[in-house]
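Subject: Structure for your review

Dear colleague,

Please find below the structure that I am handing over to you. I would ask you to keep it open while you read the notes that follow.

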Amino acid sequence: MQTGNAGLLVLLIRLCLLTSGTLTKAVDNTEGNEAASEKLIRHSHSLCAGEQEYVDRRKIVVLESLNSLGINCTADSIPHIALLASGGGQRAAVGLVGFLYQMEKEGLLDTLLYLGGVSGSTWSMSSLYSDPQWSNNMDRAVSRLSGPGVELEQVLAWLGDRAKEEHFSLADIWAVLTSAVIMKQMDLRHLSNEASRNATNPYPIYSAIEKKCFSDGPIEGKWFEVSPHEAGFTEMGLFVETSLLGSKFQSGELLEVTPEMDMVRLQGILGCALAHEEVIREFIPPWLNVPGQVDSAAEEYLRIYRTIDKLVVLTRSTINDPTALSELNKLQKTLTDKVTLNESALLESKSLEERKSIFQQWSLELLAAVETWSQSLEDGAFKTHVSLLTKQVLPLILKWEWGTTKNFLYQYQGLTIPPCLQSKEKLHLVDAGLLINVAYPPFLGDKRDIDLMIAPEFSAGNMFETLTLARDYATEVRKPFPEIDNKILEERDWPKDCYVFEGKEKEPTIIYMPLFNRQNCKDAEEFKARMEEFSTFQYAFSQEKIEFMLETVKANMKNNKDTLVREINKAALRRQNKRKSLQH
């Protein structure tokens, strides 16, 4: 791009937006409280000034990309295109990198105005954006997936620093291990640093949910979005500058500034699916897997086992010493033997209180087994590291604290704030995939006014579930969403590689692209086998699995390039028609 023309293009785009009325709307923050613009908490359902400025500059890149594809487009009719990556652990993290890599090779990456993610895809987003020029360096992004990883010493040093902080939680443990093991880097920068970058890359939107409101609160208090400029509740339109997320507020006033969390901690919050109790149901020993056996007491016991087990799996991936690996295997066997031992006879005819007491005792025995194992290790560096880790982790497992940070809406006045937020000094931000495993909510409706959503699907579970959940969510918050033919849902066990759900008027068009499909799986059985092979909660992928995942996703994207270009062209025409209708 010739920088001499950049300023002129920005001016032209802004003039076109002003003429159509779009820009006036985007910077109008006078909704609700008229003094909101003077406060640190912003109440608005429009873009903040910083995001609007970034988007205007990004449209220069998008316009040049569209013109290079032969798509006739003018500065006032640039379509708003968002790539919305699903969750799915390392499967999603690797998949998103592969999809973006192929988009860049096919000349389509620069058509994206936004990039949104949840859960595992936010891990790779965090890694990507550590490079200010990543859109032009996709080869580097791919090679990083196969890098050497991070030493356990660096992991423990980061944890030691976090353990001194007020809101140290299990999300920090999960964060550092997924960063070190899966993304192979410790990204210590702050998200707000990206606010001043040029528009080389699509604008990123990360998503989480508020755990307490998710469990027992209205839909307006559930979805939480984080961008380089601000963080807050999507449906309530209440935001604070990202650099102030975690600072102490009361009644809308800033009382104490706390240093902004780094990207390691943020990606731990965004991708901690283990925070929700339902996840333990992925592992229930056969003797407990009978109706009526898994009550709240049993769930707590299994939750503790599941968490320790996953942390052992991730810790294993940070070390190479054969002796240390052997010791970890012993611990894992000890824990598994305890949980799988059939104790059903002991529980028969026990009251609820008696069962609760028994499971609590078993939970303490699990933790004691870890402590005993730790003390039995031979003196040396591994024992020192393990002792530090268990000292920090075991108390957190009992407390079951995830994603805690100070609540900027604590005792906030002037608006109707759900009790699950207003009366709580802390937020508990966790994996948004527990609600919808694709980041649809921030991109629905007029705020970002998206024409086309590209949704590569890396989720586990039922195909199309993220679509139907998003449709139901959109209905509840009264935002447009394209129609989904229920006949298509019958293909969930062996889906096609690409579906287009076309928006009519205000609805966005969605291109939905399942990872495993009829092009790369010969039948429903192979589809199921592939999903199991690349399940969400497992050891870190081998190099062979990483390469297979990358090649599969690249092929999916390449095979459907014509569909993408066709829909991008249609999105440009829709945007032109929108502009014309506003002028009449």
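Predicted model: local features only at pLDDT ≥ 70, side-chain atom pairs only at ≥ 80, totals over all residues.

Leaving aside its neighbours within four places in sequence, Tyr114 is in contact with Leu47, Glu51, Val55, Ile81, Ala82, Leu83, Pro202, Tyr203, Ile205, Phe443, Arg448 and Ile450. Tyr114 also belongs to the largest nonpolar core, which has 179 residues. Within that core, the residues with the most contacts are Leu83, Leu100, Tyr114, Leu409, Tyr440 and Ile454. As general background, nonpolar side chains in soluble globular proteins tend to be buried together.

Which strands pair with E14? Strand E12 (residues 452-457) pairs with E14 in the parallel sense, over six bridges, and Leu452 stands opposite Thr509 in E14. Strand E13 (residues 499-501) pairs with E14 in the antiparallel sense, over three bridges. In this second pairing, Tyr499 stands opposite Tyr512 in E14.

The remaining notes concern the cysteines. A disulfide is a covalent bond between the sulfur atoms of two cysteines. The structure holds one disulfide, formed by Cys213 and Cys420, with their sulfur atoms 2.0 Å apart. Cys213 lies in helix H9 (residues 211-216) and Cys420 in helix H16 (residues 419-422), so the pair ties together parts that are 207 residues apart in sequence. The torsion about the S-S bond of Cys213 and Cys420 is about 90°, so this disulfide is right-handed.

Are the two cysteines of this pair, Cys213 and Cys420, buried or exposed? Cys213 has a relative accessible area of 0% and is buried. Cys420 has a relative accessibility of 13%; because buried means under 20%, Cys420 counts as buried too. Two further cysteines may be examined in the same way: Cys73 is buried, with a relative accessible area of 10%, and Cys498 counts as buried at 15% relative accessibility.

With kind regards

Notes: Residues numbered from 1 in each chain as written. Heavy atoms only, no water. Disulfide = S-S within 2.5 Å. Helix = DSSP H or I, 4+ residues; strand = E, 2+ residues; numbered from the N terminus. Buried < 20%, exposed > 50% of the residue type's maximum accessible area, 1.4 Å probe, protein only. Pairing = 2+ DSSP bridges. Core = buried A, V, L, I, M, F, W, Y, C linked by side-chain atoms within 4.5 Å. Contact = heavy atoms within 4.5 Å.
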